[in-house]
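Trainee: I'm new to this one and would like to learn how to read it. Could you walk me through it?

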Amino acid sequence: MSAPLTSSAFAALADLLKTKSGLIIGPDKTYLLETRLGPVLKRAGLTDLNALAERVKRAPHDPIARDVVEAMTTNESFFFRDDKPFQHFRAQALPRLLAARPASATLRIWSAASSSGQEAYSLAMILAESKALLGSRTVEIIGTDIARDQLARAQQGLYTQFEVQRGLPVQMLMRYFKKEDANWRIADAIRSMVKFREWNLLGDLRALGLFDVVLCRNVLIYFDQPTKARVLDAIAAQMPTDGALYLGGAETVLGITGRFAPMPGERGVYGVNAARVAA
Ligand SMILES: C[S@@+](CC[C@H](N)C(=O)[O-])C[C@H]1O[C@@H](n2cnc3c(N)ncnc32)[C@H](O)[C@@H]1O
């Protein structure tokens, strides 16, 4: 039987997670460390979490630190999650932004914690259905995440029966997916509309360029207030003043940053607060 996790080992692992990914983990979540890090221990031939903590403390740049971070991410996602943001994007943000841009401008959309790709592909399917509105416009969709295993899944575009039954309208399943044994593969036409890249939201976001639309959903909930503020402010700096930000149902900018303001009458949609950006 492995030794119980010591408080200093817990502190070392919690510190690693906070520094590298923003994830806050309290002592009540020790069970999560135990269940999720089991496979990491096994691969590294370590006996328990105390040995793992010792190793990351001694060598914070050891690749195992990355494995720990990745194993502790929560990657749940599904197509058209919460639906409302996608309805808003399709009916409000997209027509408004297209009208505001010259025909030669590329519209850029960012799924900022894209996990296994469902969010970015939901946007791509909306765009595929909005051909009349788009005309010859170029649209770029970028999906980024810290978890390499999820990015690889997203790039493959292969989903289980369970995954395609969560949120994806059946007409879209028929139109944009092909059955492949027990799974469903997204059509190349949709897959090629999205580029996935490894990116840490705590890192420098400037090299990603500017985005007209950002979805940063169901990731800020894992961060503490200062980290939420830092990430939101960095995102605001990558958006034009008429851009649209979508957050998850349990997330808000209120009380965290003045760089975004809620769009009147809309839940979970935020505009860049021009006054604060200029300040
Ligand atoms: C619960 S999923 C959300 C997926 C999708 N946005 C949705 O709402 O369905 C959260 C994702 O955030 C990613 N993540 C966590 N910390 C991150 C960070 N510091 N930088 C980039 N991605 C991060 C995780 O790897 C995970 O895939």
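Mentor: Gladly! Let's begin with contacts: two residues are in contact if their C-beta atoms, placed from the backbone, lie within 7 Å. Keep in mind that this is a predicted model.

Trainee: Which residues is Val 214 in contact with, leaving aside its neighbours within four places in sequence?

Mentor: With that exclusion, Val 214 is in contact with Trp 110, Ala 112, Ile 235, Met 239, Gly 243 and Leu 245. Val 214 also belongs to the largest nonpolar core, which has 76 residues. Those that touch the most other members are Leu 13, Ala 124, Val 214, Cys 216, Ile 235 and Leu 245.

Trainee: Which helix gives the largest share of this core?

Mentor: That is helix α6, residues 118-128, with six residues. Both domain 1 (7-72) and domain 2 (84-278) give residues to the core, so it lies between them.

Trainee: How do the two domains sit relative to each other?

Mentor: The centres of domain 1 and domain 2, taken over C-alpha atoms, are 30 Å apart. Six residues of domain 1 are in contact with eleven residues of domain 2. On the domain 1 side, the touching residues are three nonpolar, two polar and one charged.

Trainee: Why does Pro 85 count as buried?

Mentor: For burial we count neighbours, and 20 or more other C-beta atoms within 10 Å is the mark. Pro 85 has 25 C-beta neighbours inside 10 Å, so it counts as buried. This residue lies in helix α5, residues 84-100. Beyond its neighbours within four places in sequence, Pro 85 is in contact with Leu 215, Tyr 246, Gly 268 and Val 269. In the chain, buried residues make up 38% of the 279 residues.

Trainee: What about the chain as a whole?

Mentor: Start with its elements: the secondary structure comes to 13 helices and ten strands. Then compare its radius of gyration with a rule: a compact globule of 279 residues would have one near 19 Å, and the chain's 20 Å agrees. Along its principal axes, the C-alpha trace spans about 65 × 55 × 30 Å. Of the contacts with a separation of 6 or more, 72% join residues 24 or more positions apart.

Trainee: How many residues surround the ligand?

Mentor: There are 22 of them, and the closest are Thr 73, Ser 77, Ala 113, Ser 115 and Leu 201. Sorted by class, this shell has six nonpolar, eleven polar and five charged residues.

Terms used: Residues are numbered from 1 along each chain as its sequence is written. This is a predicted model: local features need pLDDT of at least 70, side-chain atom pairs count only at pLDDT 80 or more; totals for chains, interfaces and linings use all residues. A residue is near a molecule or strand if its C-beta atom, placed from the backbone, lies within 6 Å of it. Ala, Val, Leu, Ile, Met, Phe, Trp, Tyr, Cys and Pro count as nonpolar, Asp, Glu, Lys and Arg as charged, and the others, Gly among them, as polar. Domain bounds come from an automatic or database domain assignment. Helices (H or I, at least four residues) and strands (E, at least two) are DSSP runs, numbered from the N terminus. The radius of gyration is taken over C-alpha atoms; the globule rule is 2.2 Å times the number of residues to the power 0.38. A residue is buried if 20 or more other C-beta atoms lie within 10 Å of its own, exposed if 12 or fewer, and partly exposed in between; C-beta atoms are placed from the backbone. A nonpolar core is a set of buried Ala, Val, Leu, Ile, Met, Phe, Trp, Tyr and Cys residues joined through C-beta atoms within 7 Å.
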